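Please consult the sequence and the coordinates alongside the text.

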Amino acid sequence: MTNPLLADWETPFGVAPFDAISDEDFRPAFDEALAAHLAEVEAIASSPEPATFANTVEAMEGAGEALDKVLSVFFSVSGADSNDQRQALQREFSPKLSAHSSAISNNKALFARIADLWERRDALGLSEEEMRVLYLTHRGFVRSGAALDGAEAEQMKEVKSRLAVLGTEFTQNLLKDEAAWFMPLAEADLEGLPGFVVDAARSAGEALGQDGPVVTLSRSLIVPFLQFSPRRDLRRKAFEAWAARGANGGDSDNRGIAAEILALRETRAKLLGYDDFAAYKLETEMAGTPERVRELLMAVWEPAKAQALQDAAEMEQMLRDDGINDAFQPWDWRYYSQKRRRALHDLDEAELKPYLQLERMIEAAFTCSSRLFGLAFKPLDIALYHPDCRAWEVTKDGKHVAVFIADYFARASKRSGAWCSAMRSQAKRPKVLSPVVINVCNFAKPPKGKPALLSYDDARTLFHEFGHALHQMLSDVEFGSVSGTSVARDFVELPSQLYEHWLEVPEVLAEFATHADTGEPMPKALLDKVLAAATFDMGFQTVEYVASAMVDLEFHNGPAPADPMAKQAEILAGMGMPQAITMRHATPHFAHVFSGDGYSSGYYSYMWSEVMDADAFAAFEEAGGAFDPAIAARLEKFILSKGGSVDAQELYTAFRGRMPGVEALLKGRGLAA
Ligand SMILES: [Zn+2]
């Protein structure tokens, strides 16, 4: 019998037949697909024909179809529904994959054909997109070391393979630490917690086979616990466990791994002739250089810190008023901030939450995309990898556009955070492929029979990930390597962060934020409070983020630190980090930077994108409002449909007529002087 991963998928829209695939299928399918891809590449490289765009670059675009299928299924389940077997496979596959991509980028005959094409590019009569794909292909080969020979080539191969192993270990250690810790709560410890936190704690306790409620390190449980629990001792205990992820000693400790990763990255950059890893990494980004990144971060740091210190002083007084004569601490911030928010804006999460039903927020995200881009969604009954997953067919003017899959609830087998990935990317050549896109989140699962309720942050995350999904689904390019979110890292968060703005459009909240029990729309007064509170605590949020972004940048700019924890402390001290705020992600659990290469020296990119999203949404406001059809059409035409087929700076300028400054961001965060 054919391995179901390698068979033709005779399913609706060719979505993977999850019900037919078992864990035993992965290894043989992986090995076979890997070998098939290598054979295809070898055939391209050893062709007796002179190199043409079609027989080399386009042929490479089409190669590896089986491998794409196997990996899209495997990475979906290993990220969102892991188990021991899948974790073992991941440890086994990751060095093999790294060796595989090295084998391709070290293929001298293949590189010679690409270099030859690049040399003759102006005489090839290429379209704009073909030229772009050739440029990116050539640059990718050079950056991965294709031009290296002998001992240097050998060293590059070893460095990359070791980095892949370390990245996987880092992630798995984090998952281990997150799953290992929980804090049982006695009935008396529940005092002061709103119903939804109690429910979430009970359901977490059940999932872990405990007799009563527990607090876990899942963000959607620990954050509300820190916001609402009046028990300072319990908040401290929970916060310290949360902050210690990846730094608990023993074999799940990530500190040594972080140091080794940083050293290897520096070696890699130097082998390629760059001063350091940041210079290497930023070459392909919109920002371009470490200096431009530092300039952006420092432009927001001082106003953010000033705001945070002012807020801290007020909350320290609240701590005094509670009769506590201790310094204001990181485990106090969220609790007093919540109290202060209630006092200032008379808004508390518990009052807001019944209005933010998951079902209605999904509807809101869909409807906004219908109004803006004409998309329609129809539930699709197909087999997926977990009962919590759901799927829709997405159409535009009656024509199939994509399949959208959502997997919203937290569980122990899912890694933390939220993400969007394409199980299949859009392409027209050499084969027409429509996108299959998935959003994965970690929202607290409601007890049986109760509707799922979101925090405001959760609702924003839902819109954020759906913005990434739109970037994939509306993609309309020729080649898969430049479709959807295959863009510069500091450009990729523009569509997602921009989409968050629609959640805050008053008419959207008025229509979709309806009460779970009564069905009543959110009262106008509460709605006004939500909107007024949007910039609340932005000093804190900006400080914890910028601190992480600066540490990431400095880690990779200059010599790699032998002791990252000492270096981290030094960087924070140099910036004057407020005592009661910690980094959003400290080094031992900074998965963005250490799980893989994606955001290394690139964590700043969320803010770089925010500069653009604030400015881009202003384009709607300056025109006919949030649903202005002309601006929506420009957004689709110049940004959402273009993927990486055109340089990001060009795309933004085409959409907006100019590049943005930092002012719209400071104004949006309420930090403008
Ligand atoms: Zn994102």
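## Basis of the model

The model is predicted: local features need pLDDT of at least 70, side-chain atom pairs count only at pLDDT 80 or more, and totals for chains, interfaces and linings use all residues. Residues are numbered from 1 along each chain as its sequence is written, and side-chain values use heavy atoms, with hydrogens and water left out.

## Nonpolar cores

A nonpolar core is a set of buried Ala, Val, Leu, Ile, Met, Phe, Trp, Tyr and Cys residues joined through side-chain atoms within 4.5 Å. Buried denotes under 20% relative accessible area, exposed over 50%, and partly exposed in between, for a 1.4 Å probe and protein chains only. The largest such core comprises 134 residues, and those with the most contacts inside it are Phe 404, Leu 462, Phe 466, Met 473, Phe 491 and Trp 502. A second, separate core has 34 residues, including Ile 21, Ala 33, Ile 382 and Met 423.

Contact here means heavy atoms within 4.5 Å. When neighbours within four places in sequence are left aside, Phe 491 is in contact with Met 286, Ser 609, Met 612, Ile 639, Ala 648, Leu 651 and Tyr 652.

## The second largest pocket

On a 1 Å grid over the protein atoms alone, a cavity is a set of points where a 1.4 Å probe fits but cannot get out, whereas a pocket is an open set with protein on both sides within 12 Å along at least five of seven lines; lining residues have an atom within 4 Å of a point. Grid points are joined across faces, edges and corners, and a volume is the space filled by probe spheres set on the points. The second largest pocket has a volume of about 420 Å³.

Its lining consists of 19 residues, of which His 400, Val 401, Met 473, Ser 475 and Asp 476 lie nearest the centre. Strand β5 gives the most to this lining, with three residues.

Thr 168 belongs to helix α7 (residues 150-180); helices (H or I, at least four residues) and strands (E, at least two) are DSSP runs, numbered from the N terminus. Thr 168 is buried, at a relative accessible area of 11%. Its side chain makes a polar contact with that of Ser 94 (3.2 Å). A polar contact is a pair of N or O atoms within 3.5 Å; within protein, one must be able to donate a hydrogen and the other to accept it, and residues adjacent in sequence count only if both atoms are side-chain atoms.

Ser 337, in helix α14 (residues 330-345), is buried with a relative accessible area of 6%. The side chains of Ser 337 and Asp 537 are joined by a polar contact of 2.9 Å.
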